[in-house]
Amino acid sequence: MFTSLSPINILHMINRLCAVAMIGMALQVGAMAAEPENVPEALGFWGQVTGTVKSAQDDGRCFVLVVAKAEVDPAASALKDSAPMVGKELEIGVRMPRKKTDGVASPHADDVAYIKTLKPGMVITVTIFAPRSNPKVLRIQEPGKTVTASDQPTHKEKTIKFIDTVGEFPIPANAEIVRDTEIQSLIQFRIRGVG
């Protein structure tokens, strides 16, 4: 194959190998950049999210959703508490099944068609997952559904956090919170006007 392994031939081989390696690394970095990564609060999430569409790509490959509600699938999700996801913007892509003929991954046609129908301001519910190979990426598991006005909650909830007590609890947004001065040793709150 090689007539002689002179220093010049060896340098040419090393030069070609380096060029091939650099091209391969550039292609790998380019492929990784195409996958949008999300906030750490969504790492490994599998479940259902409801929220408002902020934007959708014209090519139907991904959209941005502002999460109003998230429900974890306990059997599949690495994330066990979905509360930190509420209020976050998630960039959600499409499934990428591999073709049986050549093994090349391509966007799922149903997902692309669904994302092309999304408009900013729409409220939707969609089941999403984080691929095991890259848990920072989120993809839809199937096309979602539009949430109608009757499906939306009638009021938002606030969370009150008590200092030096146990945790948080939600209360209706229309509640009025009044400090009770009758008990001096404890800070108590009464909720008036809830009905």
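Q: What is Glu37 in contact with, leaving aside its neighbours within four places in sequence?
A: Glu37 is in contact with Asn134 and Lys136 in the model; contact means heavy atoms within 4.5 Å. The model is predicted: local features need pLDDT of at least 70, side-chain atom pairs count only at pLDDT 80 or more, and totals for chains, interfaces and linings use all residues. Residues are numbered from 1 along each chain as its sequence is written, and side-chain values use heavy atoms, with hydrogens and water left out.

Q: Where is Glu37 found, and how far is it from Leu90 in space?
A: Glu37 sits in the loop between helix 1 and strand 1.

Q: What makes Glu41 and Lys88 a salt bridge?
A: A salt bridge is a side-chain nitrogen of Lys or Arg within 4 Å of a carboxyl oxygen of Asp or Glu. The closest N and O atoms of Glu41 and Lys88 are 3.9 Å apart, so the pair meets the rule. Glu41 lies in the loop between helix 1 (7-33) and strand 1 (47-56), and Lys88 in the loop between strand 2 (62-72) and strand 3 (89-93), so the pair ties together parts that are 47 residues apart in sequence. The rule gives a count of 4 salt bridges.

Q: Why are Glu41 and Lys88 called partly exposed?
A: Buried means under 20% relative accessible area, exposed over 50%, and partly exposed in between (1.4 Å probe, protein chains only). Glu41 has a relative accessible area of 27%, and Lys88 also has 27%, so both fall in the middle class.

Q: How do you know that Lys54 and Glu89 meet in a salt bridge?
A: The N to O distance between their side chains is 2.7 Å. This pair links distant parts of the chain, with Lys54 in strand 1 and Glu89 in strand 3, 35 residues apart. Lys54 is partly exposed at 45%, and Glu89 is partly exposed at 40%.

Q: What makes Glu71 and Lys69 a salt bridge?
A: Their side chains meet at 3.1 Å, N to O. Glu71 is partly exposed at 37% relative accessibility, as is Lys69 at 45%.

Q: Why are strand 1 and strand 2 said to pair?
A: Two strands pair if DSSP finds at least two bridges between them. Strand 1 and strand 2 have 9 bridges in the antiparallel sense, so they pass. Within this pairing, Ala56 stands opposite Phe63 in strand 2. The hairpin has 5 residues between the strands, and Gly60 takes a positive phi near 75° there.

Q: How many bridges join strand 2 to strand 3?
A: There are 5 bridges, and the two strands run antiparallel. Val66 stands opposite Glu89 in strand 3.

Q: Which members of the largest nonpolar core touch the most other members?
A: They are Val49, Phe63 and Ile128, out of 26 residues. A nonpolar core is a set of buried Ala, Val, Leu, Ile, Met, Phe, Trp, Tyr and Cys residues joined through side-chain atoms within 4.5 Å. Strand 1, strand 2, strand 3, helix 2 (109-117), strand 4 (123-129) and strand 5 (138-140) each supply at least two residues of this core. Beyond four places in sequence, Phe63 touches residues including Leu90, Ile92, Ile115, Val126 and Ile140.

Q: What puts the buried residues of helix 2 on the same side?
A: The buried residues are Asp111, Val112, Tyr114 and Ile115. They cover an arc of only 165° around the axis, which puts them on the same side of helix 2; the arc is that of the directions from the helix axis to the C-beta atoms. These residues pack against strand 1, strand 2, strand 4, strand 5 and strand 6 (145-146).

Q: What is the mean pLDDT of the protein?
A: The mean is 75, and 66% of the residues reach 70 or more; pLDDT is the predictor's confidence in each residue, from 0 to 100. Where pLDDT is low, the predicted coordinates should not be read in detail.

Notes: Helices (H or I, at least four residues) and strands (E, at least two) are DSSP runs, numbered from the N terminus.
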